[in-house]
Amino acid sequence: MASISSRNSPAYLLILLSICLHINLTSAARDLTETTSTEFLRTSCSTTTYPKLCYSSLLIHADKIQTSPKLLANAALNVTLALAASTSTMMQKLSHSHGIKPREISAMEDCVEELADSVDQISRSIDQLGKAKGSEFEVMIRDVQTWVSAALTDESTCSEGFEGNPMNGKLKTLVREQIVNIAHMTSNALSLVNKYASLHG
């Protein structure tokens, strides 16, 4: 154990100062990285159709995204995929609930099919995005754009199926809110994919 005198020695104080400086620099670098990644996310989301939703849904992934347009587009697609899949599962369960009318069941089953197609399109997009590079980039990124656009169309079709449908008010509101949210997130993901494609070109 160091004595009091040794603790006051220039060498000891220099080591202590170096440790403190290292800690402060590390903390400052971490803060700077966090600030840079969140600012990149905010700026990127500002160009989407639903910027607030874009930012709030992707903020948790900011550290992984850093300032990469590709990772940003990938994260947006993955978040959308997870929501679409969970909503599809929820609707399947709701369609078997007691008291659901045949017309309501039909609309929900149609929507589940549309969501299944959407999930498939987004899954293929994520896989293709990861492979898009080199001389094949333009062809592959066009596939991604086509599939995400198709997913958005599926979701819009699902949402339209509830318009004018004399469903239970609460059920209709719940389902439509979920579908509209997925469509908005898909729209944002498509915007970020398009942005990445344009930057790469």
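Okay, let's start with a pair of helices: α5, which covers residues 69-94, and α8 have axes that come within 9 Å and cross at roughly 160 degrees. An angle over 145 counts as roughly antiparallel, so that's what we call α5 and α8. Their crossing is left-handed. And who sits in that contact? Between α5 and α8 we've got 22 nonpolar residues, five polar and one charged. Oh, and before I go on, keep in mind that this is a predicted model.

Now the next pair. Here α8, residues 169-200, packs with α7, residues 137-160, and the axes are 9 Å apart at an angle of about 165 degrees. So α7 and α8 are roughly antiparallel too. The way α7 passes α8 is again a left-handed crossing.

Where is it? Thr-48 is in the loop between α2, residues 10-45, and α3, residues 51-58. Is Thr-48 buried or exposed? Its relative accessibility is 7%, and since buried means under 20%, Thr-48 counts as buried.

What's around Thr-48, then? A polar atom of its side chain lies 2.6 Å from the backbone oxygen of Cys-45. If we skip the neighbours within four places in sequence, Thr-48 is in contact with Cys-54, Asn-188, Ser-191 and Leu-192.

Key:
Residues are numbered from 1 along each chain as its sequence is written. This is a predicted model: local features need pLDDT of at least 70, side-chain atom pairs count only at pLDDT 80 or more; totals for chains, interfaces and linings use all residues. Side-chain values use heavy atoms; hydrogens and water are left out. Helices (H or I, at least four residues) and strands (E, at least two) are DSSP runs, numbered from the N terminus. Buried means under 20% relative accessible area, exposed over 50%, partly exposed in between (1.4 Å probe, protein chains only). A polar contact is a pair of N or O atoms within 3.5 Å; within protein, one must be able to donate a hydrogen and the other to accept it, and residues adjacent in sequence count only if both atoms are side-chain atoms. Contact means heavy atoms within 4.5 Å. Axes are lines fitted to C-alpha atoms, for helices over the stretch in contact, and angles run from 0 to 180 degrees between N-to-C directions. Angles under 35 degrees count as roughly parallel, over 145 as roughly antiparallel, 65 to 115 as roughly perpendicular and the rest as oblique. A crossing is left-handed if the near helix is turned anticlockwise from the far one by less than a right angle, and right-handed if clockwise. Ala, Val, Leu, Ile, Met, Phe, Trp, Tyr, Cys and Pro count as nonpolar, Asp, Glu, Lys and Arg as charged, and the others, Gly among them, as polar.
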